[in-house]
Amino acid sequence: MAIALVLVLIVVGSVLFHFLSPWWWTPIASNWDYIDNTIIITFWITGVVFAAVVLFMAYCVFRFRHREGNRAAYEPESKRLEWWLTVVTAAGVTALLVPGLFVWNRFVNVPSDATDVEVVGQQWQWSFRLPGKDGKLGTSDTRDVTPENPLGVIASDPNGQDDVVVEAADLHLPVGKPVKMLLRSIDVLHDFYVPEFRAKMDMIPGSVTYFWFTPTKTGTFQVLCAELCGQGHSLMHGVVMVDSQEDYLAWLGEQQTFAQLTAPEQTGSADQIPGKTIASGQEIAAELETVGSR
Ligand SMILES: [Cu+2]
């Protein structure tokens with residue numbers, strides 16, 4: 001009797017805790033409400049099954065408790081019961097899996113107008129790289145990493161010269177524009193995670209992983225590393241600021257390009273440089289403003 005009561009209390013307590021708990025997700029700031037919905041469906045299915053199984057157990061403990069003279073009936077097989085259990089379990093597992101497949105389909109299909117943004121994880125800091133006027137990121141190699149070239153951009157690749165390099169500082173993104181985050185690590189496993197964006201992905205040395213999202217709210221969001229990556233893992237914080245288009249361009253105008261970083265004696269805008277080999281962040285921002293993209 002006491003055990004049946006404890007089982008019922010476990011169910012009531014769990015349900016109350018779920019609905020009354022002050023802990024819930026931080027408000028979403030991206031397009032990935034599909035992920036939230038899928039988790040809510042999972043909560044409902046697993047919650048209902050949990051309550052049903054534990055309450056059934058409580059019922060059995062009470063109903064078939066020991067009484068003098070009672071004997072258990074031996075019934076090793078029940079076709080009807082097995083049929084029902086198979087159907088209900090299959091329906092439950094299907095309902096758990098199908099929403100996830102829809103979300104994954106969206107997750108891996110990046111919109112064609114998404115802008116590439118590279119994130120580089122390193123013990124224990126975040127750096128970023130944005131494509132320059134050409135809209136293309138230059139190739140990179142971890143072996144090319146030096147103090148002047150912290151992200152290992154391959155200097156001979158012309159696509160990389162105008163890339164905007166943001167080393168261990170805040171990343172800014174324009175609100176309402178889809179971005180494809182290209183994830184690279186130059187040492188160990190990391191995982192780029194901004195809770196408000198929901199989407200996240202592991203970063204694996206030697207390969208480029210990715211995910212995409214559209215920031216839907218302006219604001220300042222904290223970046224966490226979601227992969228245990230060494231002693232400083234818990235301190236591996238960064239900041240993503242989602243700006244209006246004007247604020248974003250103003251920030252972009254202050255950034256340095258790869259060419260400027262590696263040729264410090266040639267600072268200034270391309271107009272002052274023979275051959276115009278160096279584009280500044282300012283020029284890239286001006287170009288974007290005229291194109292009206294990103
Ligand atoms: Cu990390």
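Predicted model: local features only at pLDDT ≥ 70, side-chain atom pairs only at ≥ 80, totals over all residues.
Student: Are α1 and α2 roughly parallel or roughly antiparallel to each other?

Tutor: Helix α1, which covers residues 2–20, packs against helix α2, residues 33–63, with their axes 7 Å apart and at an angle of about 165°. Angles over 145 degrees count as roughly antiparallel. For this reason, α1 and α2 are roughly antiparallel.

Student: How many nonpolar, polar and charged residues make up the contact of α1 with α2?

Tutor: On the α1 side the contact includes I3, L7, V11 and F19, and these belong to a set that meets residues of α2, among them F43, W44, V54 and F62. Sorted by kind, the residues of this contact are 17 nonpolar, two polar and no charged.

Student: How do α2 and α3 lie, roughly parallel or roughly antiparallel, and which kinds of residue form their contact?

Tutor: The axes of α2 and helix α3 (residues 79–108) are 10 Å apart and meet at an angle of about 175°, so the two helices are roughly antiparallel to each other. Their contact involves residues such as Y34, I41 and T46 of α2, together with G92, P99 and R106 among those of α3. By kind, the residues of this contact are eight nonpolar, five polar and one charged.

Student: Which peptide bond is cis, with omega near -5°?

Tutor: The place to look is the loop between β1 (115–122) and β2 (125–130), where W124 is found. The cis peptide bond runs from Q123 to W124.

Student: Which residue has a positive phi of about 45° although it is not a glycine?

Tutor: This residue lies in the loop between β3 (164–166) and β4 (171–174). The residue with this positive phi is A168.

Technical notes:
Residues numbered from 1 in each chain as written. Heavy atoms only, no water. Axes fitted to C-alpha atoms, helices over the stretch in contact; angles between N-to-C directions. Helix = DSSP H or I, 4+ residues; strand = E, 2+ residues; numbered from the N terminus. Parallel < 35°, antiparallel > 145°, perpendicular 65-115°, else oblique. Contact = heavy atoms within 4.5 Å. Nonpolar A, V, L, I, M, F, W, Y, C, P; charged D, E, K, R; others polar.
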